[in-house]
Amino acid sequence: MNVVKKVAVINDLSGIGRCSLTAAIPILSTLGVQCCPFPTAVLSCQTGYNDFTFLDITEEMYKYKKAWDKLKVKFDCIYSGFLGSEDQINIVYEFAKEHKEALIVVDPVMGDNGCIYNTFTENMGNRMKELIKVADIVTPNLTEACLLTGRKYNKYNTSDEELLYMVKEIAKLGPKIIIITGIVRNDKMYNFVYDSNKNDYFLVGNEFINKSFSGTGDTFASILIGLLLNNHNLKYSIEKAAEFLYKAIKHTHELNTDPREGILFEKFLKELILINEK
């Protein structure tokens, strides 16, 4: 029996910029979990750069899924990130429905900093809501939570009452756990966590470094998933993911590297082993 848990990570692969699969693979591996990449696109560098190549592999995704179906692979978790079209969302939706034994985690990548991404359409938004219906955990940032619930984006002054309204609206779609990331209050950055089974919420905060880096959401979600699959509880997993992210962001900020390259998390990977052993 293979005792190493498997995560099917459905995301893009960028050659430059620590995000998506290039964040998930090392982090999940360090946490003792097998990352099984299910690529949606291959890019020379992440889309924050002015010039990049983009290979859409939607057609290959259909064949990829069929090949895995023939192998009858069982996954402990299915985690989706960047999806570039309605077709890709549909593929992930069917894949998730066929693996009801797995923990389904959806990061609804739709926008950031109050703006929707150019690649995202209204129809994709409707399909994303369908995908969220089969999820156990969703991790929208504040912008995405507003888009999903039709609320006005307010980066610095979103109250607990407003956040609670949004998570409850998202919970109506089906997911049990909703984590809204990127909430800024004074000098801190918070994650707002809602458990619909308990009808309860809590916040986890760290010092806010006012600089945007590629791949922070991917890093956070990968740590969260790895710790949950190693039987750590939700609060511990979120606290440790947030602490790791803050430490890596602070280190990256101090070195003044190009934010498009993402956070320099390599130095801290060994700390995940210690976090996981507690």
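## The second largest pocket

The second largest pocket holds about 190 Å³ of space. The model it sits in is predicted. Its lining is made up of I137, I177, D195, K198, D200, Y201, F202, L228, L234 and K235. Two elements give two or more residues to this lining: β11 (200–207) and α8 (234–255). Of the elements, β11 gives the most, with three residues.

What kinds of residue line this pocket? Six are nonpolar and four are charged. No polar residue takes part in the lining.

Helix α9 covers residues 269–277. Which of its residues are buried? They are L269, L272, I275 and N276. Seen down the axis of α9, these buried residues fall within an arc of 95°, so they line one face of the helix.

The other side of α9 carries exposed residues: K270, L274 and E277. The buried residues are covered by elements that include α1 (20–30), α7 (216–229) and α8. Helix α8 also gives two or more residues to the lining of the second largest pocket.

## Aromatic pairs around F38

The count of aromatic pairs comes to nine. One of them joins F38 and Y64. This pair is stacked, with 4.8 Å centre to centre and 15° between the planes. The pair links distant parts of the chain. F38 lies in strand β2 (residues 34–43), Y64 lies in helix α2 (residues 58–71), and the two are 26 residues apart.

Is each partner buried or partly exposed? F38 is buried, because its relative accessible area is 1%, under the 20% limit for that term. Y64 has a relative accessible area of 25% and is therefore partly exposed.

F38 has another aromatic partner, F95. Here the geometry is edge-to-face: 5.6 Å centre to centre, with 85° between the planes. F38 lies in strand β2 and F95 in helix α3 (residues 86–97), so this pair ties together parts that are 57 residues apart in sequence. Both F38 and F95 are buried.

## One aromatic cluster

Which residues form one aromatic cluster with F38? Y64, W68, F75 and F95 do.

Definitions and conventions. Residues numbered from 1 in each chain as written. Predicted model: local features only at pLDDT ≥ 70, side-chain atom pairs only at ≥ 80, totals over all residues. Heavy atoms only, no water. 1 Å grid on protein atoms, 1.4 Å probe; cavity = no way out; pocket = protein on both sides within 12 Å on 5 of 7 lines; lining within 4 Å. Points joined across faces, edges and corners; volume = space filled by probe spheres on them. Helix = DSSP H or I, 4+ residues; strand = E, 2+ residues; numbered from the N terminus. Nonpolar A, V, L, I, M, F, W, Y, C, P; charged D, E, K, R; others polar. Buried < 20%, exposed > 50% of the residue type's maximum accessible area, 1.4 Å probe, protein only. Arc of directions from axis to C-beta. Contact = heavy atoms within 4.5 Å. Phe/Tyr/Trp six-rings, centres within 6.5 Å; stacked < 30°, edge-to-face > 60°.
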